[in-house]
Amino acid sequence: MTFNLRMVIRGKIQPLTMNVKGDGYSMNVCVQYESPEGAMTELSATDSHFVDFKQVELSSKSTCAFVVSNPGRFNVDMQYEIKRPEELHCHQQVESTTAVVLVGKHNRCILSFLPLKKCDLKHMGFSIKVKDGSVFRCRLLGSTTSLGLEFSFLKYNFGKTFIYSAGMVPATCTLLISNKGERGISVDCLFSNTPFLEVSFIPAIIP
């Protein structure tokens, strides 16, 4: 905008005229949500959006992303904030709580749900704030589920055995692992064989 400002100055015969120019702008950004499944959705600052991590197994991790693009003429300062009860603090993680999005560039914020114990995210929120601009608000959903693995035994006693020598048949047992869940589970054995106990195990995905 442009306008003239007429100023009357004491002691001056003629008024002073100043030409004033101003350029107004808004901090416009494009915010997109990438779900844990990879689907992209553009967010609006006028609506509240749901971010659903669904059911996540204990000690597993589910992530989503928010992509902020800056199509404007000025750099944009961003702030990412999780609103959560204190007891749920350790189950959520946000990578980069602040960022500067350069003109024509984008910033990617990663939000993770990594439950360490049974919990529910229904009272949690996530906000994306543009400095001097809009606020994009999300409601978080998600809960935990236990692994569907079943073991044929959790404790085994070989009993009394003779000291092994070449040619003897060693005492053995077979542990059966079953998956009662709805999706495949990757299993591996971290035990290292010793001179007196040997484990034969092949890493696999149990459907």
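Start with contacts across the whole chain. In this predicted model, residues 24 or more positions apart account for 59% of the contacts with a separation of 6 or more.

**Zoom out.** Show the protein as a cartoon. The count is 0 helices and 16 strands. The radius of gyration is 31 Å, well over the 17 Å that the globule rule gives for 207 residues, so the protein is more spread out than a compact globule. Along the principal axes, the C-alpha atoms fill a box of roughly 120 × 30 × 30 Å.

Buried residues make up 25% of the 207.

**Select the open sheet.** Colour its 5 strands in the order E4-E3-E6-E10-E8; the pairing is antiparallel. Now find the edges. Strand E4 (40-42) and strand E8 (92-95) each have a single partner strand, so one side of each is left without a neighbour in the sheet. From one strand to the next, the twist averages 20 degrees.

E8 and E10 run antiparallel and are joined by 4 bridges. Pick Gln92, then look opposite to Phe113 in E10.

**Go inside.** The largest nonpolar core holds 29 residues. Select Phe66, Phe126 and Ile128, which have the most contacts inside this core. Several strands give two or more residues to the core, among them E6 (62-69), E10 (106-113) and E11 (124-130).

**Finish on Phe126.** Which residues does Phe126 touch, not counting those up to four places away in sequence? Select Phe66, Tyr80, Glu81, Ile82, Val94, Cys109, Leu111, Phe136, Arg137, Cys138 and Leu140 to see them.

Key
Residues are numbered from 1 along each chain as its sequence is written. This is a predicted model: local features need pLDDT of at least 70, side-chain atom pairs count only at pLDDT 80 or more; totals for chains, interfaces and linings use all residues. Side-chain values use heavy atoms; hydrogens and water are left out. A nonpolar core is a set of buried Ala, Val, Leu, Ile, Met, Phe, Trp, Tyr and Cys residues joined through side-chain atoms within 4.5 Å. Buried means under 20% relative accessible area, exposed over 50%, partly exposed in between (1.4 Å probe, protein chains only). Contact means heavy atoms within 4.5 Å. Two strands pair if DSSP finds at least two bridges between them. Axes are lines fitted to C-alpha atoms, for helices over the stretch in contact, and angles run from 0 to 180 degrees between N-to-C directions. The radius of gyration is taken over C-alpha atoms; the globule rule is 2.2 Å times the number of residues to the power 0.38.
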